[in-house]
Amino acid sequence: MMSKRTIAGAIFFSIVAVFLVFSALMTHSFGNPDETEMDQYIIDNSQGEVGADNSVTGVVFDYRGFDTLGEATVLFTAVAGVILLFRRLKK
Amino acid sequence: MIYNIPFIAVAALVLIGLYAVVFKRNLIKIVIGITLIESGVNLFLITLAYRQDSTAPIWHGITASSNNVPFMSLPVPHALTLTSIVIGVAVLALMLSLVIHIYRHYGTLNVNKLGGDEE
Amino acid sequence: MSGGMSKIVKTISNISFPLVLIYGLYIIAHGHLTPGGGFQGGAVVASGCAMILVAYGSIWTMGKIKEKHLSILESLGAIAFIGLAFLGLIFGFVFFKNFLIGEGLIFDNPALGLSDIYTAGIIPLMNFAVGLKVIAGLFAIVLVMAYATTKKEAETK
Amino acid sequence: MNIEQILDTLLRHSPALIVAIPLLGAFLTPLISKINDKVRNVFVILTILATNFFIFLLASDVFAGNIHTYVFGAKNLSIPVVRILFEVDGLSAFMAIIAGILSLAAVIYSWSFMKENTGLNKFYTLMLLMTAGMLGMMLTGDMFNFFVFLEITSIASCALIAFWTNKGKAVEAGFKYIAISAIGALFVLFAIALLYAQYDALNIAVLANNIQYTFLDKIALVILIAALAMKAGIVPMHMWLPDAYGRAPASVTLLLVGATQASLYGVFRVCFTLYGSQLNSTLRNISGTTITLNSLLGTIIVILAIVTILIGVMMALKQIDFKRMIAYAAVAEIGYMFLAVGAGLTTLGTAVSMNALKGGIFHIINDALDVGLLFLVAGAIYYATKQTSLNNMGGLARNMKYTTVFFLIGLLAVAGMPPMNGFASKILIYESVYQVNPVLSIVAILCSILLLAVFIKVFHSAFLGPEQPDLKDVKEVPKSMLIAMGLISCIIIFFGLFPELVVNNIVQPAANALASNTSYISQVMGVI
C-alpha cells in the first residue's frame with residue numbers, strides 16, 4: 001500500500017529523471033564543445049592581463065573575482081550560522 | 001569514443017541523490033542525498049570543461065607566444081566548480097548542525113516521527 | 001572522548017601537523033602558478049587543525065582557542081579580501097580592479113610574460129586573505145560542532 | 001571636486017557599492033560588537049541607511065530611462081564578455097527599493113524585539129548578509145553570480161529561521177527550508193550549466209542574445225522556472241513557506257518576504273529577459289490554432305496562480321496561529337502577482353498586457369509592505385503577550401493603541417480596500433484579468449473578500465472582545481518597533497493616496513523592462 005506522499009514523490013522523481021536523461025543525451029558529445037570563445041580568450045590572455053600562470057586562478061580571482069567574494073561570503077555565512085545555532089541560550 | 005557516458009553518469013548521480021531525498025525517511029540519508037545531487041552537478045560542470053586531448057589550463061614555463069602552445073581545457077567551469085564545492089561545504093555544515101539540533105529535541109532522525117512539539 | 005586519543009596518536013599528530021601546515025601554506029602561496037589557491041590550501045591547513053582536534057579532544061582544544069577568536073580571525077581575512085577590492089576602487093577606479101598590474105611596484109606583470117611568485121598583482125594577496133578566512137572558518141565549524149556534541153554526551157552520562 | 005562631480009562618481013559606482021557596503025558591514029560587525037551592543041546596533045542601522053542612500057540614488061537615475069552596467073575589474077566592457085557585470089534596469093531598481101525598505105524596517109524593529117536574546121552579534125551579521133544577498137540577486141547580470149547570491153540568501157535565512165533553537169519546530173522549519181532551497185539552487189546551477197554548455201557564456205544579456213530555443217533550452221527553462229518558483233512559494237511547493245514564516249522571529253520574517261520576492265524576480269528575469277526574444281515563437285500548430293510560447297507559459301502561470309490564491313485563502317481560514325495565518329495570506333498574495341503576470345504574458349504586446357504587468361509589479365511592492373506590516377504586528381503582539389495562538393488573545397486594543405492602528409492599516413491594505421495601496425494595485429489586476437477571462441477576475445475578487453473576512457475575525461477576537469484575565473497588564477511595545485511599523489504604514493498610506501504618481505514613476509519603467517528585453521541586451525551587446 002503506497003501512501004499519497006510516495007506516489008507524489010514517484011511522479012516528481014520520474015519527471016525529473018526524464019528531464020535529466022534527455023539533457024544528458026542531448027548535450028554536445030563529450031570533449032567537443034560547440035562554442036569556446038570566452039574560454040579561449042581567457043586561456044590566451046590570462047598570462048598577459050593577469051600575470052598568473054594558472055588560468056583557473058586567473059578566472060577565480062580576477063575575471064570572476066566577484067564570484068569569489070560571494071563564495072567567501074557563503075563560507076562566512078555558514079560559520080556565523082553554525083556559531084549562532086550552537087550558542088548559549090541564556091545570558 | 002566514449003560519446004556521452006560522462007553525462008549519463010551525471011544524470012545517474014543526480015537521480016540517486018534525488019531518490020534518497022524523495023523516498024528515504026532518515027534525515028542523515030536526506031543530507032547524503034543532497035550532497036550526492038551536488039556532486040552530480042559538480043561533475044557535470046567539470047565534464048563541460050573537457051576538450052579532447054587537452055591539458056590542464058596552466059602554463060608551465062611557456063607563454064602564449066611560444067611555439068608549441070598546448071591545447072588546454074576550458075578554465076571557466078573549473079572556477080565555477082570550485083565555487084560550487086565551497087558553497088556545498090557551507091550548506092552541508094549548516095544542514096548537519098540543524099540535524100544535530102533536531103536529534104536533541106526529538107531523539108529521532110525519522111522524518112515521520114517529528115512533530116508534536118513541546119511549545 | 002574528552003581526554004582525546006592515545007599517546008601514539010597525539011605524538012604522531014604533533015609530528016605531522018607542521019608538515020601539513022607547511023604544505024597548506026605552500027599551496028596558498030603558489031595559487032597563481034600551480035593548481036591550488038587560497039581555498040584549497042586553507043582546507044589543507046584546516047584539516048590539519050581538525051586532526052589535532054580529533055587527537056586531543058574538543059574540550060582540550062576549546063581550552064586553547066575559543067570560537068570567538070577564530071570568528072574574529074575570519075572576519076579579518078574577509079575584511080582583507082573585500083578591502084583589496086575596495087583598494088581597486090580607490091586606486092584603479094573600478095571595484096575589484098587588479099590595481100597592481102602594470103604599475104611597476106610590487107607584484108607587477110613581468111616583461112617576459114612568464115609569471116613567478118612575485119607577479120599577478122593582487123592575486124597572491126587575495127589568496128592569503130582567503131586562506132586565512134578558510135582556515136579560521138572551517139576550523140571554527142568543526143570545533144563548534146565537535147564541542148557541542150561532546151558536551152551533550154558528557155551531560156547525559 | 002564640487003558636489004555634482006562627487007554625486008556623479010558615486011552614481012557610477014553605486015551598483016557595486018549597494019552590495020559591497022552591507023558585505024563590508026557584515027564583516028566588520030563581529031569586530032564592532034566588541035565595543036558594546038548599542039554601538040553595534042547603530043552601526044548596523046547606519047550601514048543599511050548608507051545602502052538605502054545608494055539604492056535611491058541609483059534608482060532615481062534608472063527610472064529616468066538609463067540602464068546602468070558595472071563591470072567588475074575592468075573599466076570598459078569587452079567582447080567576449082568574460083567579466084562579471086551588474087546590469088540595473090527598471091525592474092532591478094524597483095526590486096532593490098523593496099529590499100532596501102524591508103531591511104531598514106527589519107533592523108530598526110530588531111533593536112527592541114531581539115534585545116532579550118543571546119547571539120545578537122551573529123544575528124545582525126546574518127541580517128546584513130541576507131540583505132546583501134538579496135540585493136546581489138536583484139542587481140546582477142550574470143547567471144552564475146545570481147546562483148551565488150541565491151545561496152548566500154538561503155544559507156543566511158535558514159540560520160535565522162532556526163534562531164530560537166530551543167523550539168524544535170523552529171529548527172525543523174529551518175531544516176525544511178535549507179533542504180528545499182539547496183535542492184532548488186542545485187537545479188538552478190544545473191540549468192545554468194546546460195546554458196553554458198551550448199553558448200559558452202554566463203552573462204544574461206549575451207545568453208538572451210544568442211539563445212536558439214533548442215530542446216536543451218526548453219529543459220533549462222522548465223528547470224529554472226520550477227526551481228525558482230519553488231523558492232518563491234508557488235502552490236505545489238509551498239509547504240516550507242508557512243513553517244518558515246511562522247517560526248522565524250518577526251524581523252527575520254520581514255526579510256524573508258524580501259528573499260521570496262528575490263526568487264520571484266529570478267522567475268521574471270528568466271521568463272522575460274533571458275527567454276524574452278523567444279516568447280513570441282510558435283510552438284505548434286494544432287488544426288489552425290497556433291500555440292505560442294507566451295500563451296502556453298501564461299496559461300500555466302495563471303492556473304498555478306489561481307490554485308495558489310485558493311489554497312492560500314482556504315488554509316488561512318483554518319489557522320488559529322496568528323503568524324501562520326498571515327503566512328497563508330502571503331501565499332495568496334504571491335498568487336495575485338503571478339495571476340497578473342500570467343495574464344500579461346498570455347496577451348503579450350497589447351495594451352491589456354501592459355496594464356496587467358503594471359498591476360502585477362505594483363502588487364509586488366504592496367504585498368511586501370502589507371504582509372510585512374502584518375508580520376511585524378504579530379511580532380509585536382508576541383513580544384507583549386508571549387502568545388501566538390488567537391484563542392488566547394482578547395481586548396488588546398485597550399492597552400496597545402498604536403499597534404491596533406497599524407494592524408487596521410495592514411488589514412485594509414492586504415484585503416485591497418481603499419484608500420490603501422492594496423486597492424490601487426488590485427483594481428489594476430482585476431481590470432486587466434477581467435479582459436482576459438471574467439471568471440478569473442471574479443474568483444480573485446471573491447478570494448480578496450474572504451481574506452478581509454479572515455482578518456476582520458482576527459481583529460474582532462484579538463483586539464476587541466472581552467479582555468483576557470492574564471493579559472490585563474499588557475504594555476505598548478517599545479519605540480523602535482513602533483518606528484519600524486510606522487515607517488511601513490506611512491509608505492502604505494502614501495502609495496494608497498497617490499497611486500498614479502507611483503505607477504507612472506516607479507512601476508512603469510519596471511513594466512517596460514518586462515515587456516521588452518531589447519534595451520537590456522543592447523546595453524551589453526551594442527557597445528562594440
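This is a predicted model: local features need pLDDT of at least 70, side-chain atom pairs count only at pLDDT 80 or more; totals for chains, interfaces and linings use all residues.
What share of the 157 residues of chain C count as buried? The share is 47%. Over all chains, the structure holds nine salt bridges. Between chain A and chain D there are two salt bridges, whereas the count between chain B and chain A is zero.

**Chain C**

- Chain C contains five helices and zero strands.
- Along the sequence, the pattern of chain C reads α-α-α-α-α.
- Taking contacts in chain C between residues at least 6 apart in sequence, 65% join residues at least 24 apart.
- Chain C has an accessible surface of about 7300 Å², and carbon and sulfur atoms account for 72% of that surface.

**Chain B**

- Chain B has three helices and zero strands, and its elements run α-α-α from the N terminus on.
- Chain B has 119 residues, and buried residues make up 53% of them.
- Of the contacts in chain B between residues at least 6 apart in sequence, 50% join residues at least 24 apart.

**Where chain B meets chain A**

- On this interface, 46 residues of chain B are in contact with 43 residues of chain A.
- The two chains bury about 4100 Å² between them, and carbon and sulfur atoms give 74% of that area.
- There are zero salt bridges between chain B and chain A, but five residue pairs are in polar contact across the interface, both residues being at pLDDT 80 or more.
- On the side of chain B that touches chain A, the elements giving two or more residues are α1 (5–23), α2 (27–49) and α3 (75–106) of chain B.
- Of these, α3(B) gives the most, with 18 residues.
- By residue class, this side of chain B divides into 34 nonpolar, nine polar and three charged residues.

**Where chain A meets chain D**

- Here the contact takes 40 residues from chain A and 51 residues from chain D.
- The area buried between chain A and chain D is about 4000 Å², with 72% of it on carbon and sulfur atoms.
- The count between these chains is two salt bridges; in one of them, the side chains of Asp62(A) and Arg83(D) meet at 2.9 Å, N to O.
- Ten residue pairs between chain A and chain D are in polar contact, with both residues at pLDDT 80 or more.
- The side of chain A that touches chain D draws two or more residues from each of α1 (4–26), α2 (37–50), α3 and α4 of chain A.
- Helix α4(A) gives the most to this side, with 15 residues.
- The residues on this side of chain A divide into 20 nonpolar, eight polar and twelve charged.

- Side chains of opposite charge can pair when their charged atoms come close.
- Arg64(A) forms a salt bridge with Asp142(D), the closest N and O atoms being 2.7 Å apart.
- Arg64(A) lies in the loop between α3 (55–63) and α4 (65–85) of chain A, and Asp142(D) lies in the loop between α4 (120–139) and α5 (143–161) of chain D, so this pair joins two chains.
- Arg64(A) also forms a salt bridge with Asp67(A), where the closest N and O atoms are 3.1 Å apart.
- Arg64(A) counts as buried because its relative accessibility is 2%, under the cut-off of 20%.
- Asp67(A) is likewise buried, with a relative accessible area of 2%, and Asp142(D) counts as buried at 1% relative accessibility.

**A salt bridge within chain D**

- Asp243(D) and Arg324(D) meet through their side chains in a salt bridge of 2.8 Å, N to O.
- This pair links distant parts of the chain, since Asp243(D) is in helix α9 (residues 240–247) and Arg324(D) is in helix α12 (residues 322–346), 81 residues apart.
- Both Asp243(D) and Arg324(D) are buried.
- Elsewhere, salt bridges with shared partners join Arg64(A), Asp67(A) and Asp142(D) into one network.

Definitions and conventions
Residues are numbered from 1 along each chain as its sequence is written. Chains are lettered from A and ligands numbered from 1 in the order in which they are written. Side-chain values use heavy atoms; hydrogens and water are left out. Contact means heavy atoms within 4.5 Å. Buried area is the accessible area (1.4 Å probe) that two parts lose on being put together, summed over both. A salt bridge is a side-chain nitrogen of Lys or Arg within 4 Å of a carboxyl oxygen of Asp or Glu. A polar contact is a pair of N or O atoms within 3.5 Å; within protein, one must be able to donate a hydrogen and the other to accept it, and residues adjacent in sequence count only if both atoms are side-chain atoms. Helices (H or I, at least four residues) and strands (E, at least two) are DSSP runs, numbered from the N terminus. Ala, Val, Leu, Ile, Met, Phe, Trp, Tyr, Cys and Pro count as nonpolar, Asp, Glu, Lys and Arg as charged, and the others, Gly among them, as polar. Buried means under 20% relative accessible area, exposed over 50%, partly exposed in between (1.4 Å probe, protein chains only). Accessible areas come from the Shrake-Rupley method with a 1.4 Å probe; for residues, only the protein chains shown count as cover.
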